[in-house]
Amino acid sequence: MPSTILIVDDEKNIRRTVRLVLEGEGFAVEEASSGEEALARLPDIGADVMLLDVQLPGMSGLETLERLNETAGKHAQAAAKRGAATADASVAPTRASGAGAEGVAVPATAEPAPPTVVMISGHATLADAVRAVKSGAYDLLEKPLDRERLLVTIRNALERRAMASEVAGLRALADERFEMVGRSPPMQALYAQIVKVAATRARVLITGESGTGKELIARAVHRESPLRDRPFIKVNCAAIPPELIESELFGHERGAFTGAVARRRGLFEMADGGTIFLDEIGDMILSAQAKVLRVLQSGEFTRVGGEVTVKCDVRVVAATNRDLQAAVAGGQFREDLYFRLAVVPLRAPPLRERADDVPMLSAAFIEATSRENGMRPKAISPEAVQILSAYPWPGNVRELRNVIERLVILSEDSIGTGDLPEEILAEVERSRREQAAGALAGTATALPRIDLPPEARALPLREFRDHVEREYVRAKLDENGWNISRTAGLLGIERTNLHKKMRALGLGREDRGS
């Protein structure tokens, strides 16, 4: 499909001459005699490049360019609002993806990108040229237009436009890779905390088991914050050798140590004005902890081997899978640094506590794996999803993603229970047998204590039975941390039937025991 060029000039002969040149080179050409007409027709034309005369009747070319920029900004804001409106405000940092997932957030229809503008003028001043470039014009050509320069400029503008589109697409894919998926109550609570803390400059300490998505939480805090357009620098403290971590974090001067042949900026310096994410901070050596504490206290540090004080303004988000309070008690972590970091603690829930998210996560990973490998997305049977939801996932979301990736690559047309790994099938079957054996044994530990109020003795049989059933189901939910899949398996019913029974008995999260 040929690129479309919109010529905006009040002189008919100039428009006709330029049209002949461009059509001869295979471009599609549209015309407008004023800035007002050009802006009105743009939504229907979808031009790639606009040749815009500086001097126009009514609205000048420079005013038209500025109005075009304003309109593009409003469209971008409207698209963002439509995208946010597809989900509840409490899940602003999230993404729900995948066929068949409930509550899938549907992306807003993308607005067409505004055209790349090349200004043309017979008597443009230097001030006009400066104003045009500052307003976003790609170039300014003088009349009479030289054919070769005109064509080279348009082709360069189109090439730049294509590169910008490619970069935007790659950024969108990168952002999608780090989006959070899930709508279970533990995740809803986490999203609400992220939205609150992101609006501030407070330091955040994220705790959780390996594979729970602590980095995704850190990125969500940054993405939802006023610093979203500033750098986000990730540091894996566990992956940097102890002898190099100070140099990595704070930089070094030339000659500071063998191999330091030039001054080098550290990661704190690179993150200036943005967010630095200190992942696995519990593995940081004490000497580096002291320097990090100084940065948090004063916003200053010195490079390794240097004497000059460097100032930086960064938001620190840290994460660990270790018990930092125990590390403080054992002398492996500074207590003053712990309290500086843990201004707002966030906990990444393990997957076993949000088994209701497994179907949505599985669908999202199937889609992502299929796209990354150029494959058609495969369906997954409800029975397979039910087994995946019942598995405890010791490796958390990371383990689930690896399993789904393997299933997508190795399975045939669809994913069924026969495609699932043997260890998952065996563990789920063992768990079900244990639960069934416990239920049949009728031991005191298997039967929860049900306290009946005195007035229950006067109830009719049906109401008494409903009361006892409600208390029994609530007790079983408490025993299993309100894990719906696990409780349903223990009770010998389907997840959907348990949801229905809970609604019929009036059971909600507010009934959860302490």
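Reply: Let's start with glutamate 280, which is buried, with a relative accessible area of 13% (buried means under 20% relative accessible area, exposed over 50%, and partly exposed in between, with a 1.4 Å probe and protein chains only). Please keep in mind that this is a predicted model, where local features need pLDDT of at least 70 and side-chain atom pairs count only at pLDDT 80 or more, while totals for chains, interfaces and linings use all residues. Residues are numbered from 1 along each chain as its sequence is written, and side-chain values use heavy atoms, with hydrogens and water left out.

Where does glutamate 280 sit? Its place is the loop that runs from strand E8 (275–279) to helix H10 (286–298). Those labels come from DSSP runs, numbered from the N terminus: helices are H or I runs of at least four residues, and strands are E runs of at least two. The backbone at glutamate 280 deserves a look too, as its phi is near 55 degrees, a positive value in a residue other than glycine. Most residues other than glycine have a negative phi, and most peptide bonds are trans.

Arginine 322 is 39 residues away from aspartate 283 in sequence, yet their C-alpha atoms are 8.6 Å apart in space. You can find arginine 322 in the loop between strand E11 (315–320) and helix H11 (324–329). Arginine 322 is partly exposed, at a relative accessible area of 32%. Which residues does arginine 322 contact, leaving aside its neighbours within four places in sequence? They are Gly282, Asp283, Ala327 and Gln332, where contact means heavy atoms within 4.5 Å.

Alanine 239 belongs to the loop joining strand E7 (232–236) to helix H8 (245–250). Is alanine 239 buried or exposed? It is exposed, with a relative accessible area of 57%.

Now step into helix H10, where you will find glutamine 289. Its relative accessibility is 0%, so glutamine 289 counts as buried. Not counting residues up to four places away in sequence, glutamine 289 touches Met284, Gln332, Phe333, Arg334 and Leu337. Notice Gln332 in that list: Gln332 is also one of the residues that arginine 322 contacts.

Tryptophan 482 has a phi near 60 degrees, which is a positive value in a residue other than glycine. Its place is the loop between H17 and H18, and at 3% relative accessibility tryptophan 482 counts as buried. The other spot is the peptide bond from lysine 143 to proline 144, which is cis, with omega near -5 degrees. Proline 144 lies in the loop between strand E5 (139–142) and helix H5 (147–177).

Two packed helices are described by the angle between their axes and the distance between the axes. Helix H17 (residues 461–479) packs on helix H18 (residues 484–491) at an angle of about 125 degrees, with the axes 9 Å apart. Here the axes are lines fitted to C-alpha atoms, for helices over the stretch in contact, and angles run from 0 to 180 degrees between N-to-C directions. On the H17 side the meeting residues are Tyr472, Lys476 and Leu477, and on the H18 side they are Ile484, Thr487, Leu490 and Leu491.

H18 also packs with helix H19 (residues 495–505), at about 95 degrees and with axes 9 Å apart. That contact is made by Ile484, Ser485, Thr487, Ala488 and Leu491 of H18 with Arg495, Leu498, His499 and Met502 of H19. Elsewhere, helix H13 (residues 358–372) and helix H14 (residues 382–390) pack at about 115 degrees, their axes 9 Å apart. Val358, Pro359 and Ser362 in H13 meet Val385, Leu388 and Ser389 in H14.

Finally, zoom out to the whole chain. How many helices and strands does the chain have? It has 19 helices and 14 strands. Of its 514 residues, 41% count as buried.
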